[in-house]
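Subject: A structure for you to look at

Hi there,

Here is the structure I promised to pass along. Have a look at it first, and then read on for what turned up in it.

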Amino acid sequence: MSEPLLDVRNLSIAYPVWGGVLKHKVGEVRAVDNVSFTIGRGETLGLVGESGCGKTTVAKAIIHILVATVPGVRIEGEIVYHGSRGAVNLLSLSRGQMRPLRSEMQMIFQDPFSSLNPRMTVGQIVEAPLRIHSNQTPQERRKRVEWLMTRVGLQPDHAARYPHEFSGGQRQRIGIARALAVNPKLIVADEPVSALDVSVQAQVINLLQDLQAEFGLAYLFVAHDLSVVHHISNRIAVMYLGNLIELGTADQVYLTPAHPYTRALVSAVPRPVPGGGRPDRVRLQGEIPSPLNKPSGCPFHTRCPIAKPDCSQALPPLLAKETGQVAACPYT
Amino acid sequence: MPNKVQQAAANSGTATGPLLSVRDLRTYFRVDGGMAKAVDGVSFDVLPDEVLGIVGESGSGKSVTSLSIMRLIPDPPGRIAGGQLLYRGRDLLKLSYPEMRKVRGAEIAMIFQEPMSALNPVFTVGFQLIETVQTHDKINKRAAFDRAVEMLAQVGISDGAKRMRDYPHQFSGGMRQRVMIAMALSCNPHLLIADEPTTALDVTTQAQILELMLKLKAQRPGAAIILITHDLAVVAETCQRVIVMYGGRVQEQATVRDLFASPRHPYTQGLLKSLPSTQTGHERLHAIPGNVPSIMDMPPACKFCTRCEFVFDRCRVEEPPLHDLGGGHLVRCHLLEGEPGTSAPGGVATVVGAQGTTRGLTPPARPDASRQETTP
């Protein structure tokens, strides 16, 4: 792996649960539990898991928008960013201190419809980060916007149009241009292609890869579609109910998964091969438990096909596997 | 359920042949400044015991086709402007509203993409299941309750009698979709239309739901499923035949084996090549250029001509007919003209030789026509 850009160390995030007539805090949901990983410069780390596993929460914590949007959220651990100003723990920064760093890390959102302000023209949307983070003149900014729009495959003369005049794929390109405007080092992409049509998905994935090669971007690519994540990622991290349960290179995790949950997840991905599913498909029983009453010990033991009695006792640590990755299961 | 037995006996004469025959279906929507032809001349058959996939992107007309079969198109602005929907020989479009209500649920049932918006949030699941059963079968509430619990057990919801008292929000996404399936199958319909039933679900839950649908179909001889999806991989694993729609028209129709082994329409080929899972390494994906045109800006001739890599002049002025390649493989593309077995021979004769060698994902040979680059 290349030189680290972002170190997430023992990150735990607990959401408050409000209850009672006066809406006081009655409990907490541990959405993310002791998660550690590293993203190298120019690397793509895929973060996968089913809904409710905490992958979006991790992404939002990194980009420092969790505190602003969720009152009462408790975040522990460290998120160390190795930027142009040396290593800094993002969690120790105030919003004002975070601001200059935001030009180095940007986010692309899942829904290209709700993540663009319908009252701003596309030119204004792409220009907005420049107004905040650069001291360019209006002429320089306009030049930059034109260049950005061309670079992501839009026509620069469309800058005067409004978001509703564009299709989903084009809007996602606008979101990418906006993220790219301030020359970030890291882009956190939360399900960037899952709302797009199949024929457009490939265009956006190719664009993201081209931009990565051109600008040396690192991506945290959060998604649930394993075939897309396998395609775009260098390494893949798998989460289940707030815990990181497997981490390895894309091929290690996708082709030789070690954790029983990852095995089930990979084998559930439908393949474009006629004649039915895989004979080796692992059928999971039941559904992902609610994080409110998370199982003790290994969170997966309630659905695991190879669960042993002691799985409910203690959370297994991440162990190195023969195939090269680490996985939180001692029995594979 | 004696009424079902009688019905089956009464219908046994028409049991051979297609269960549903859609003939030249046209569904238009009045919009500002014109008529949006969401479905424009779509024909296909659904055979007993089969799972038919309809694949398309947003705006392809796949969902409007299914809503038209159920006659659930909001009118206005929508209107079924023409065609026939022959269900066991009866034209559904000629039925009165009360007659159609008897068909819905009892004969043809539908499940939707988002189960939360398809279930009523202010009534218990049990109330809604019993309501469905009692609408179609004259049985008392106790029997309807028992049938509902039995249906919940069939779709894998244990402790059904207790869960009948729960409201939809107390179920998870996958469980809600199971409730929808239980409701849809509670009157033993012969045709189930599933419109993106697993799109909102996680991948492990998707596998469970698809498996469940196939299992329940296998228990009902003669029943068929229309599975509407954008996911070709789901089609490959669950369907026997597949229809590819684009721009409100059928572009290709084939058995799943034929479609994946030798897709003939450039759009189908592009879709299959753009799937990440068919690529071996991490090289660039094949992408279809451009975007799906809005329904109001659909090109008049071939709907795919604005994005097709093999486009030539004729594609822009004349829409190709559906060429029959034999074995139930139909393709709407000018490039297949003069193929052995095509129904519309003549025209560009030079294609024939080259076409015979086209297999797999190799693009069809292009006739010697002035090629113009597509504008991305």
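Predicted model: local features only at pLDDT ≥ 70, side-chain atom pairs only at ≥ 80, totals over all residues.

Helices (H or I, at least four residues) and strands (E, at least two) are DSSP runs, numbered from the N terminus. By that count, chain B has 14 helices and 12 strands.

Residues are numbered from 1 along each chain as its sequence is written, and chains are lettered from A and ligands numbered from 1 in the order in which they are written.

Chain B first. Of its 376 residues, 48% count as buried (20 or more other C-beta atoms within 10 Å of the residue's own; 12 or fewer is exposed, in between is partly exposed, with C-beta atoms placed from the backbone). I call two residues in contact if their C-beta atoms, placed from the backbone, lie within 7 Å. Among contacts in chain B between residues at least 6 apart in sequence, 62% join residues at least 24 apart.

Now the place where the chains meet. Here 32 residues of chain A are in contact with 38 residues of chain B. On the chain A side, the elements giving two or more residues are H6, H7, helix H8 (226–232) and helix H10 (260–268). H7(A) provides the largest share, 8 residues. By class, that side has 14 nonpolar, 13 polar and 5 charged residues (nonpolar: Ala, Val, Leu, Ile, Met, Phe, Trp, Tyr, Cys and Pro; charged: Asp, Glu, Lys and Arg; polar: the others, Gly among them).

How do H6(A) and H7(A) meet each other? Gly168(A), Gly169(A), Gln172(A), Arg173(A), Ile176(A) and Leu180(A) in H6(A) touch Val200(A), Gln203(A), Val204(A), Leu207(A) and Leu211(A) in H7(A). This contact has 6 nonpolar, 4 polar and 1 charged residues.

Finally, a residue in the loop between strand E7 (186–190) and H7 of chain A: Ser194(A). Leaving aside neighbours within four places in sequence, Ser194(A) is in contact with Gln110(A), Ala223(A), His224(A) and Asp225(A). The C-alpha atoms of Ser194(A) and Pro16(A), 178 residues apart along the chain, are separated by 29 Å.

Best wishes
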